Amino acid sequence: MARRLNIGAVRSSFAPWADPAAVPLARFEGVTKRFGDAVAVAGVSLDIYEREFFALLGPSGCGKTTLMRLLAGFETPDAGRVLLGGQDLAGVPPHRRPVNMMFQSYALFPHLNVFDNVAFGLRQDAMPKAEIRARVEEMLEMVQMASLARRRPDQLSGGQRQRVALARAIARRPRMLLLDEPMAALDKKLREETQFELKELQARLGLTFLIVTHDQEEAMTVADRIAVMRDGAIEQVATPAEIYEAPASRYVADFLGDVNLFEARVDRVEPGAAQVRLASAECPAGFTALDDDAPAPATQVWLAVRPEKMTIALEPPPPGTPNVLEGQVWDIGYTGDWTTYLVDLAEDRTIRVARANASRLVDRPIGREDKVWVSFAPDAGVVLTR
Amino acid sequence: MRRGPSWFNIASVGLGLAFLYLPIVLLVAYSFNAGRLVTVWSGFSTRWYAALIEDEEMRDAAWITLRVGLISASAATVLGTLAAVGLVRGGLFRGRLLFAGMIYAPLVMPEVIMGLSLLLLFVALGQARGFWTLTAAHTTFTLCYVAVVVQARLVDFDRSLEEAAQDLGCPPWRTFLTVTLPNIAPAVAAGWMLAFTLSLDDLVVASFTSGPGATTLPMRIYSQVRLGVSPEINAVCTLLIGAVALGVALWGLVGRARTRAPV
Ligand SMILES: Nc1ncnc2c1ncn2[C@@H]1O[C@H](COP(=O)(O)OP(=O)(O)O)[C@@H](O)[C@H]1O
Ligand SMILES: [Mg+2]
């Protein structure tokens, strides 16, 4: 009986993606989009569920915006289908799609004031005037912009514009709200505040959010699930904890946070203990890692270990300790909550080890040039095949 | 230290301006001459303006010019704006380059050729020349100027505003009316003003395409001058200069508003 491993420190009761009977709200089926010779989106299949906060994460130019615009109707797929609530969206123009988008540039109408900007979408349907007024006031109240309703967009700060754009996009109560880098133009502090506000708002309104971002911290903070994109294709779709603790590839491991990668080869698999032994030139004794789905012996793999999951010491650990590496401290970065040590294992081979500064006083501080022993537990490393 | 302009600079600018504006100043001044002779000053008077009001032919010509200007400028504004939208928003449709070239060609085409070709067209169509052929001709050539002015504004215009409108449930045609048009309105107005001014002072195209009963002010002036200049002509020219100056000033004002308009 193989042992199942629990991943991450977060337990959530909301997981419709794990339910095989659940019907996705939005679905991409093998969607491809080309611009001339360049492939912006390459065969993407993706399910997004009702009430989910879903993030598309990837570096600039990897096709995130294009994927979102395919759902909003501003691009048409060259291959594949985009479905919303089970209905194929092909041929449905943007103004008939029950999704609303918050543009990266905010795209507020410069000739209309804040009130009329928010009311714009409501006036498109034959909604009674009094009802429009009430809804707009409610929206502006919600984003704390009620006192500036008569201002023009060019009389607002970046943060205020962002709020108006958000209010305008949710005023119509779309089935799905698309946010394209909604916080890219805000400064760090405001961005962090806004992230939590956005999350709170999403939970309160019970809406489905699809957010595009290139900021991994932002995606981890707000999203229920993250899709990591690379060159138009999806690398991995999973919860933030899974993405971080069980990345599917070296690319994902490296894109989210720091990681040390060791090239290795599978030596021996112990399915009962969900354990695998790896042979590596970097560690003569070999590595031990926990893995409930290890590849066959002799497979070329990489062992990925996060810096904070390693321990660093000035003395060698007791004999029999697995995963021990010897090295010399080359540089130290102190950021208050963490200390990061750059440790040279060999010529041209440096790893990162991070230590939480859990106590103010340290018996034997580690300095530059010190000889150190780095070790990590078998459950710290992830075996990657690509 | 920076020196001010030298006497040479001042003199050359002064001469240049004099060369440009002295004739106009003389013309305006002599329109207030009391005497009949155009070159001898014999006191201030507004009698020629009074004579002008009495002159039915001049009044008719002015009225026709005004009507042609208003109608052709309005038609050219609608068509020119649509052409600009087609050029900027149409993407890379087949023959786009040809279309753009055909829009811009009349800007550099000699007016004589333009007038002549329109004349041949009207003759070939068996269309009697008059007010409407003149209006159509003016619409044709002022349209290009409107298209150029509006296109310049559309290129700067943020496309995502239109997308945002459609995203919020606004169909494309209504998006054009409620989002695009208000934002390019200064350029459209400037285009209208330009078209109106061009129509107002056109002589060449009008000579080819107009017919009996549709003599414009520039045509009337030109034909009278051939019989000799009278101070009455000076008066009507002064009024025309005033009208054109007003048009250009308004165009400039609107253009200023355009650059200040938020993007
Ligand atoms: N309208 C377009 N025309 C041509 N190429 C485009 C267009 N839109 C996007 N692209 C290209 O597609 C790729 C993906 O773009 P995009 O989806 O905007 O990336 P991201 O949002 O992840 O930064 C980029 O290489 C970009 O240059
Ligand atoms: Mg983008």
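Which are the buried residues of α1(A)? In this predicted model, where local features need pLDDT of at least 70, side-chain atom pairs count only at pLDDT 80 or more, and totals for chains, interfaces and linings use all residues, the buried residues of that helix are A:K64, A:T66, A:L67, A:M68, A:R69, A:L70, A:L71 and A:A72. Residues are numbered from 1 along each chain as its sequence is written, chains are lettered from A and ligands numbered from 1 in the order in which they are written, and side-chain values use heavy atoms, with hydrogens and water left out.

Buried here means under 20% relative accessible area, while exposed means over 50% and partly exposed lies in between (1.4 Å probe, protein chains only). By this rule α1(A) is mostly covered, since 8 of its 9 residues are buried. Helices (H or I, at least four residues) and strands (E, at least two) are DSSP runs, numbered from the N terminus. Just after α1(A), A:G73 has a positive phi of about 100 degrees.

| Residue | Relative accessibility |
|---|---|
| A:C62 | 3% |
| B:C170 | 0% |
| A:R163 | 16% |

A:R163 lies in helix α4 (residues 158–170) of chain A. Leaving aside residues up to four places away in sequence, A:R163 touches A:V143, A:Q144, A:M145 and A:E197, where contact means heavy atoms within 4.5 Å.

The two chains meet in a contact that takes 21 residues from chain A and 20 residues from chain B. The area buried between chain A and chain B, that is, the accessible area (1.4 Å probe) that two parts lose on being put together, summed over both, is about 1800 Å², and carbon and sulfur atoms give 61% of this area.

How many salt bridges are counted between chain A and chain B? The count is 1 salt bridge, a term for a side-chain nitrogen of Lys or Arg within 4 Å of a carboxyl oxygen of Asp or Glu. The salt bridge joins B:E163 with A:R69, and their closest N and O atoms are 2.8 Å apart. On the side of chain A that touches chain B, α1 (64–72), β6 (99–102) and α2 (114–124) each supply at least two residues.

Over all chains, the structure holds 0 disulfides, a disulfide being a pair of cysteine sulfur atoms within 2.5 Å.
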